[in-house]
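Here is a friendly briefing to read with the structure open beside you. Please look over the sequence and the 3D view before going on to the points below.

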Amino acid sequence: GCTLAMVLVNDVVGIGNYLEGELRTCLNVTDHAKDIRVELLTVEISGDREDESVLEQISLGSNLQLTENHPYVWPFSLPVPNRTLPTVKSGKTDVSWRLRAVLETKRQDELYSLDRAVQIFTSTGQVR
């Protein structure tokens with residue numbers, strides 16, 4: 001029903017900076033988009049405990065008519081929160097990050113979505 005692609009300028013970024021790129025989509029049928037968004041998710045695993053949460057999200061558009069076989073492009077810049085755990089894998093502790101693009105339409109019951117792994121580190125990369 002839909003082709004989704006995410007092109008990232010950067011997939012490794014320090015806290016306080018931005019993940020930037022474009023979401024590209026093309027639908028096989030004309031449909032109404034209820035919401036188009038990009039989410040920053042973290043998965044934290046410690047021993048037997050696993051927790052997934054959305055730390056940041058931005059809406060790229062809502063209530064839009066999307067035409068069949070017409071390509072659409074939405075640029076985005078998503079901030080990485082300052083108080084964030086870095087990507088880490090050590091023993092029984094694992095912190096990983098994903099950027100998820102979501103397209104919610106009226107015609108489709110399930111969301112169209114696409115995930116990309118990203119790396120978050122604690123240095124801001126700024127010279128002092």
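Asp 94 counts as buried because its relative accessible area is 19%, and buried means under 20% (exposed is over 50%, partly exposed in between; 1.4 Å probe, protein chains only). This is a predicted model, in which local features need pLDDT of at least 70, side-chain atom pairs count only at pLDDT 80 or more, and totals for chains, interfaces and linings use all residues. Residues are numbered from 1 along each chain as its sequence is written, and side-chain values use heavy atoms, with hydrogens and water left out.

**Around Asp 94**

- Asp 94 lies in strand S8; strands (E, at least two residues) and helices (H or I, at least four) are DSSP runs, numbered from the N terminus.
- Which residues does Asp 94 contact, leaving aside its neighbours within four places in sequence? They are Val 43, Glu 44, Ile 45, Val 88 and Lys 89, where contact means heavy atoms within 4.5 Å.
- Glu 44 is 50 residues from Asp 94 in sequence, yet their C-alpha atoms are 5.8 Å apart in space.
- Lys 89 has Asp 94 as its bridge partner in S8.

**The partners of S8**

- Strand S7 (residues 88-90) is joined to S8 by three bridges, and the two run antiparallel; two strands pair if DSSP finds at least two bridges between them.
- S7 and S8 make a hairpin with two residues between them, and Gly 91 in the turn has a positive phi of about 60°.
- S4 and S8 also run antiparallel, joined by 13 bridges.
- Within that pairing, Ser 46 has Thr 93 of S8 as its bridge partner.
- S9 pairs with S8 in the antiparallel sense over seven bridges, and these two strands form a hairpin with six residues between them.
- Opposite Trp 97 stands Val 118 in S9.

**The whole chain**

- Roughly 45 × 40 × 20 Å is the box filled by the C-alpha atoms, taken along the principal axes.
- The accessible surface of the chain comes to about 7500 Å², and 46% of it belongs to carbon and sulfur atoms; such areas come from the Shrake-Rupley method with a 1.4 Å probe, and for residues only the protein chains shown count as cover.
- Among contacts between residues at least 6 apart in sequence, 66% join residues at least 24 apart.

**The nonpolar core**

- In soluble globular proteins, nonpolar side chains tend to be buried together.
- A nonpolar core is a set of buried Ala, Val, Leu, Ile, Met, Phe, Trp, Tyr and Cys residues joined through side-chain atoms within 4.5 Å.
- In this chain the largest nonpolar core has 27 residues, and Leu 40, Leu 99 and Val 118 have the most contacts inside it.
- Two or more residues of this core come from each of strand S1 (2-8), strand S3 (18-27), strand S4 (31-46), strand S5 (49-66), strand S6 (72-79), strand S8 (93-105) and strand S9 (112-121).
- Five residues come from S8, which gives the most to this core.

**An open sheet of three strands**

- Three strands, in the order S1-S3-S6, form an open sheet with antiparallel pairing.
- Which are the edge strands? They are S1 and S6, each of which pairs on one side only.
- Neighbouring strands of this sheet are turned by 20° against each other on average, direction ignored; axes are lines fitted to C-alpha atoms (for helices over the stretch in contact), and angles run from 0 to 180 degrees between N-to-C directions.
- S1 and S3 pair over seven bridges in the antiparallel sense, and Met 6 has Leu 23 of S3 as its bridge partner.

**One aromatic pair**

- One aromatic pair turns up in a search of the whole structure.
- Tyr 72 and Trp 74 form this pair, which is stacked, with 5.9 Å centre to centre and 10° between the planes.
- Rings of Phe, Tyr and Trp (its six-membered ring) pair if their centres lie within 6.5 Å; planes under 30 degrees apart count as stacked, over 60 as edge-to-face and the rest as tilted.
- Are Tyr 72 and Trp 74 buried or exposed? Both residues are buried.

**Gly 61 in S5**

- Gly 61 is found in strand S5, and this glycine counts as buried because its relative accessibility is 14%.
- Asp 35 and Ile 36 are in contact with Gly 61, leaving aside its neighbours within four places in sequence.
- Lys 34 is 27 residues from Gly 61 along the chain, and their C-alpha atoms are separated by 8.2 Å.
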